Amino acid sequence: MGRPLLNRRLDGLGTTIFAEMSALAAATGAINLGQGFPDTDGPDEVREAVVAALRDGAHNQYPPGPGLPDLRLAVAEHRQRFYGQTFDPDTEVLITTGATEAIAAAVLALVEPGDEVVALEPFYDSYAACIAMAGGVRVGVPLRPPFDGLDLDALRAAITPRTRLLMLNSPHNPTGTVLTREELAAIAELAVAHDLLVITDEVYEHLVFDGEHIPLATLPGMRERTVTISSAGKTFSFTGWKIGWVCATPELVAAVRTTKQFLTYVSGGPFQPAVAHALRLPDSYYAEFRADMHAKRDVLVGGLEAAGLTVYRPRGTYFITTDITPLGFADGLDFCRRLPELCGVVAVPEKVFFDDTPESQAIGRPLVRFAFCKKVEVLEEAASRLATLR
């Protein structure tokens, strides 16, 4: 064959770092603090709701393309309950196969070849793939250690006449940054001034430890230009169910749905009524979930600091970013590949979440991400193993 098999737009993407590191954990028996999934299930009553849905036979075939009506209603109720936003469940809510598909469908629907998409670095790796598949041009705006704020001047400078879309993730994976009201107001002003669309990835909306989560779509001028994305996996600790959603104007939802219907069409029939049940859990669930993760964050922060790493305490999510240079290492990818042998722990290098430019790689090279969504005893054992690095 005269040309490469893989579409050239996907050149350099290859296997995700999560697959590589999880395989390394399985092969070595190391504690996996790399991939972001909990090691315990969410609420029993939510799991039992799936069992009931499987047994009653009402949800074992294709659900409606936009998602079950009751789940769309539950999503709309959730937005009203926590943020005071009103969405029509029939025209302004779309159920997707996790937030990952929602992001893909939104980017493929809204970006044309040559359009520039501005994203905060480091970014979840699917962002880069989706922009590439759409033929867009990714423009990174780095978040820099100690990850205590957004460089608004750099964001302004990144916007050109070719900019079509901003992609925001707050609370931010992997740095734990939570954008402030002032930062979001400045972003909104830029979006309105330049007539930009915005995709917001808010999957960690209920995991803010310092500050508050403010949806960009609640700010003046942003309701009509923002595609808000979230999912059930991170909030209810059922990441394998892959139920996400989009909230936006009818016009934006129709555009995203046009693409989404040719990706998976539908998914997770029996999981959808269970997620509707989960979204209606009392406020006490959300408070206890956040408090539990807050305590786990502090356990792992203490262990990483005791191991000699520079630790950037996250304000949200369930990830901790560290700098490995105090331990005498310079490259996070090399460090993570050696870590199982060195002490029996797996983490994820952050350089793969940065653009392949000298400036971006210089920022990302020494950074390594650890997940703390694990049992306390697992985090304590990991901390004990990491202490041997020192």
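Guide: Here is a chat about pockets and aromatic rings. This is a predicted model, where local features need pLDDT of at least 70 and side-chain atom pairs count only at pLDDT 80 or more, while totals for chains, interfaces and linings use all residues. Residues are numbered from 1 along each chain as its sequence is written, and side-chain values use heavy atoms, with hydrogens and water left out.

Visitor: Okay, how much space lies in the largest pocket?

Guide: About 600 Å³. A pocket here is an open set of points on a 1 Å grid over the protein atoms alone, where a 1.4 Å probe fits, with protein on both sides within 12 Å along at least five of seven lines. Lining residues have an atom within 4 Å of a point.

Visitor: Which residues lie nearest its centre?

Guide: G12, L13, D125, A128 and V352, out of 24 lining residues.

Visitor: And which helix gives the most to that lining?

Guide: α5, with five residues. That helix covers 125-134, and α1 (17-28) and α12 (332-343) also supply at least two residues each. Helices are DSSP runs (H or I, at least four residues), numbered from the N terminus.

Visitor: What about the second largest pocket, what volume does that have?

Guide: About 470 Å³. It is lined by 26 residues, and T100, Y124, Y204, K234 and K242 are the closest to its centre. The largest share of that lining is four residues from α4.

Visitor: New topic: how many aromatic pairs does the structure hold?

Guide: 18. Rings of Phe, Tyr and Trp (its six-membered ring) pair if their centres lie within 6.5 Å; planes under 30 degrees apart are stacked, over 60 edge-to-face, and the rest tilted. Take F82 and Y83: their ring centres are 6.3 Å apart and their planes are at 50°, so this pair is tilted.

Visitor: Is Y83 buried or exposed?

Guide: Y83 is buried, at 18% relative accessible area, while F82 is partly exposed at 28%. Buried means under 20%, exposed over 50%, and partly exposed in between (1.4 Å probe, protein chains only).

Visitor: Which residues do ring pairs link into a cluster?

Guide: F82, Y83, F236, Y285, Y286 and F289.

How values were computed
Grid points are joined across faces, edges and corners, and a volume is the space filled by probe spheres set on the points.
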